[in-house]
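Look at the sequence and the model, then read the points by topic.

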Amino acid sequence: MRTKLDPVTLEVIRNALPAIANEMAADLQRTSYNMMIYEVRDFCTALVNLDGELISQNVGGVSHFVADLGVIITDAVKRYGRKGFKPGDVLITNHQAVAGQHLNNVVIYVPYFFKGELLAFSMVRAHWIDVGGTSTGFGAGPEVPDPWQEGLQLDQLKIHDGGRLDETLCRVIRDNIRFPESSLGDMNSQIASCKLGIRRLDELFRKYGGGTILKAIARIFDETETQCRNFVAKLTDGVYEAESFFDDDGVTPDERVRIHAAGARVAYKAITAPLAPVNEGSFRALEVIIPEGNIMMARYPAPMAGWSIFVPTVVETIISSLAQAMPDRIPAAHHGLLGGSVVFFGVHPQSRRRFVVQSIEGGGWGGRPFEDGESATVSVCQGDVRNGSIEGIEMKCPVLVKARALRRDSAGAGKFRGGLGIDMEVRNFVDGKWNFERANRRGCPAWGLWGGGPGESGGYYLRAPGESEYRMMHGSHKPVSANSEVVVRTGGGGGWGEPLERDPERVRWDVLEEFVSKDAARDLYGVALREDLSVDQAATRDLRRKLGRAA
Amino acid sequence: MLVAIDIGGTFTDLMAFDEATGRFAQAKSLTTPAQLVQGIVDCLRKSGVDLAVISELIHGSTTAINTLIERKGAKTGLIVTRGTRDVYSIGRGNRPESYNLFFRRHRPLVPRHLTREIDERMLASGEVLEPLEHASLEEACRRLADEKVEAVAVCFLHSYVNPEHERAAGEIVRRALPGAYVSLSHEILREYREFERTSTTVVNAYIGPKVGGYVRSLKASLAQIGFRGDLTIMQSNGGVMTPEVATQRPVAMMESGPVGGIIASAQTGRTLGLANVISFDMGGTTAKASLIREGEPTMAPGYYVGGYASGHPVMVPVIDVVEVGAGGGSIAWIDEIGALKVGPQSAGADPGPICYRGGGTEPTITDANLVLGRLDPEDFLGGQMVLDAKAAAQGIVGKIADPLKMSAAAAAQAIVDIAVSKMSLAVREVSVAKGYDPRDFALVASGGAGPLHVMAIARELHIPKVIVPLYPAHFSALGMLAADERHDFIRTFYADLDGADFRRLERTVEEMAAESASALASKKGTERRIHLDLRYVGQEFTLSVPVGASQIRAGDRRAIRTAFDRLYDQRYAHHSPDEPVEIVNIRLAVIGKRATMTLPRLSAKRRAQAFRKMQVHLGDSVRPVSCPVYRREELGAGARLSGPALVREHGTTTVLFKGDVCSVARTGELLISVRGAA
């Protein structure tokens, strides 16, 4: 056994801890039964110590699951006591009063003992396809007034007690959810993933000894904190502000929901050390103040089905507030919506099997201080979240994906323009139900920076059979008849810098590529193109002078 | 007589093996980037091998990967199903670097205006929803012809299940663009998931014309100089293929270069009874590391050229390698804030390091080693090349030492140190980053520059044991001599295991085997390996379960099911015997086995005798130490020597530091215990 903390040992442990979380994630993903886990990666895997401090977490997946499992452990240790856990225990929870998320996000965790002493927990949070309640998929809609209608609430329960499965609890769960085979399969994957984490952690402890590992973890926290502090120290001290809003709260139309940025972990991480692994040290130097009763800190029993809708916008608002402090490191705003989600479900008329189509479509990101924004990419709160392949969707579900296409002129204009949003067109071959998200940001679309224009916002559109026009839709669980066509539209990103300063050659290329129309090239960028798409330099100069004066 | 030729960025290496006598021959010559084929011809001449007696010439080349990385491929058009023009650029919409606001997606090889949609639609069942509309296809061809594209990729939805439309479109495209190189997605990768299939097909089309031209001119030149044997090309999966297959599927030879060294490392480990080794190969342009566990190289079903976050998915089986831009030819330079950097720019073979006298003016790692006294200007490549030590020193002084106000030796030492830390990262990435402790592995050093730097890397990572194999400077070529012929095929075959039509499944396997027959050159001793990709209904990821031909013939669902449950349990520590199982893909590997090669035993000779002493800087740039120099070929089995020492051989030098202890194995490898490591 090697006991001293030499630099190589420290380095091995530094890399091995995130490797454990990543291996847990890989196994969970590979054995899960629901697309929200295996493609959308709506989960996180982590090792957490008894104080609720994050030892390591998987890379990729949902960004706002960052270091937020600790509260579950501090609560559990308080309730059960340090002596209240034994080897073979497996706990399950999704209770909103502690976890602060919608009920679909079910957390499984397993205690780790080294030489008889409880030292840590391995944990997996994953989005179950169904937890009962009024709707399936993403939980109930905004109209539901309380958590009891949102689904089954599980509050820090032992589903395995010292290695023995609690059959009663299992049956309660099985009988109160819509897709028990899928969700219980996922639960087994979560348990297996936690046990894998414990096994790997144990190998590490046995090899290097408890003292060395604990010392290394403390050291890693300190070094990570220092790294983040060094970055922040370079900024000029000051009060930085930004503001954004949602069209309404989803219940009362046209009553704007204001978001005034205070602080959040995703933004802090993205700014301080975007590529380094996450651990407790990543946030030690950050204090976040959110009064309870605020939309970002709901008071139980507020309904939580739509809990995450606001998060990307909050992150973006915080990031934007720092544009003054670090002008060369802040991009314009992105589409900012978690959604772009495609959710259609029903029962296949031939096989009588239930099906759920699920995919998350990306939108445009903001222009950057040195280049255009990326197109069709998931939000700042989603990392390695992948859309469903068209072939995979059609193989399993009775739908036809007619198009998944970038939308011309959806990006905000700028010296560096935003990325483009997309239109996903789906025809359903059978009757079923669609979940249409609300287009929340029509009044406050992805904003530009330093003179750049806003991106176009998204929405959901339906054309029933026999109709000629698409209608804008919202609301979940909406019955839709066979051969309807739905367009899921995601927004474009904001532009960075004055559009009139954009290199006319880039504008010409965008027109050739059909990212930008000829009209937009003329009206927004002041670039005149000839029939053969060559730039008319003289006309462009005139046009730009005129547009410049008008502005 | 078998001959293997491996073209690296700097050197072209040759190994020949005479099956009758068990003898090896080797040669090395500078790679001629503008004239790769000429380099091969030169190398063959230099080796003195009688061309008429060569039965097979195995070739590994970086042409395919370089064409992609340098984006020097053909002007390529893409023809797709209506509505899917942007599938290739949208990809999966993901951001693997979750917290990076400045993430980069892959940069498509085909611009949007050269991507044409046509009217046709297949369903997942293989039924035609909308027939192939010829007018829209002809219009697309006209547009691509006007744009003078040199290659066309065709990727239609669900062509993996019913390729009729793609086949018909292929004929029309070939007629309309007779000069263009055409790749149809179902011929490249017959697996569902349109983005990955499109990307793989586009990469194939993009590099096709260049690789095809290369293979053709190589064949012609070899024929001209009297070669009558078979030419085979190394693939990323560690097997070889015929030139005809390589021309159609150049995407399969992406990692053609590095795999040879990995096969050879695994073999060396097995010979010495070491199942866990890390292969470290440092050539002229890059250094590569790869992990071998339980005697087998780590394989992946595909990879992302340029990295997962922003690379191009290429879904063909490949041996896992991590590569960094540090090789003997890597250039040392000073950046805008005055920091010393090494690579990734390489002087390659042309102009090459300053000391090669090829007109190079930028100091390289090789120049630094020469200045430190680790290389002998008179004794390089067995004296075939005389190095210019004076020019190397002047280059280092002028470009590095003077601006940084240091001595020439200190500057040279700094260049080597930076290169070593960079290469250590690659070794770390295949081991530590995946949770493996490098101290549990032995490091096998190869490539012309590998043995020069391996001891410093081992020391940095506390790796206790280093192996310098036989023919380290020709190691990749040596590995190629041992490579089997191998072809991998995949077919998506989506069905419930219980309800699957096993007769259709058997027919599909036969179809795949027939396809392999046309690809297969070796007629005797072929082995078929069939795997079914299975999963529980509702899951996405599959496990590849080996199945026997007889199980398929008999439709033995129960045995297949049991094998799946067992494998699942082994892999994930749980399984669900009551859940229904479905088949997703059939995989067929057809392997033409090569006879095992036995390396000659070394005669025992315990005494190691240095043939001279040299003044060498080994870590101390002020005072050189007096260092004995041994000749590798004079070291017998059981010989022992300790550092500081240099062991010189054709094409490389092993540098031992003070305290390192080296003994020679009966099979000839240098087994080195690293000083200070556990």
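Which domains does the domain assignment of chain B give? The assignment lists domain 1 (2-68 + 212-253), domain 2 (76-196), domain 3 (256-323 + 419-481), domain 4 (330-417), domain 5 (485-592) and domain 6 (612-673). Such bounds come from an automatic or database domain assignment.

This is a predicted model: local features need pLDDT of at least 70, side-chain atom pairs count only at pLDDT 80 or more, and totals for chains, interfaces and linings use all residues. Residues are numbered from 1 along each chain as its sequence is written, while chains are lettered from A and ligands numbered from 1 in the order in which they are written.

**Domains**
- In chain B, the centres of domain 2 and domain 6, taken over C-alpha atoms, are 57 Å apart.
- Chain A is assigned domain 1 (7-224) and domain 2 (331-497).
- The C-alpha centres of these chain A domains lie 30 Å apart.
- In chain A, 17 residues of domain 1 are in contact with 18 residues of domain 2 (contact: C-beta atoms, placed from the backbone, within 7 Å).

**Chain A overall**
- Chain A has 14 helices and 18 strands (DSSP runs, numbered from the N terminus: H or I of at least four residues for helices, E of at least two for strands).
- The radius of gyration of chain A is 25 Å, close to the 24 Å from the globule rule for 551 residues, so chain A is as compact as a globular protein of that length. The radius is taken over C-alpha atoms, and the rule is 2.2 Å times the number of residues to the power 0.38.
- Of the 551 residues in chain A, 55% are buried (20 or more other C-beta atoms within 10 Å of a residue's own, with C-beta atoms placed from the backbone).

**Helix α12 of chain A**
- Helix α12(A) covers residues 504-512, and Val507(A), Arg508(A), Asp510(A) and Val511(A) are buried there.
- These residues span an arc of only 160 degrees around the axis, so they sit on the same side of α12(A) (the arc is that of the directions from the helix axis to the C-beta atoms).
- The buried residues of α12(A) pack against α13 (518-523) of chain A.
- Glu514(A) follows α12(A) and has a positive phi, near 60 degrees.

**A sheet in chain A**
- An open sheet of 7 strands runs β2-β1-β5-β4-β3-β6-β7 in chain A, with antiparallel pairing (strands pair if DSSP finds at least two bridges between them).
- At the edges stand β2 (54-57) and β7 (164-165) of chain A, each with a single partner strand, so one side of each has no neighbour in the sheet.
- Strands β4 (105-114) and β5 (117-127) of chain A run antiparallel and are joined by 10 bridges.

Key:
Contact = placed C-beta atoms within 7 Å. Buried ≥ 20, exposed ≤ 12 C-beta atoms within 10 Å, placed from the backbone.
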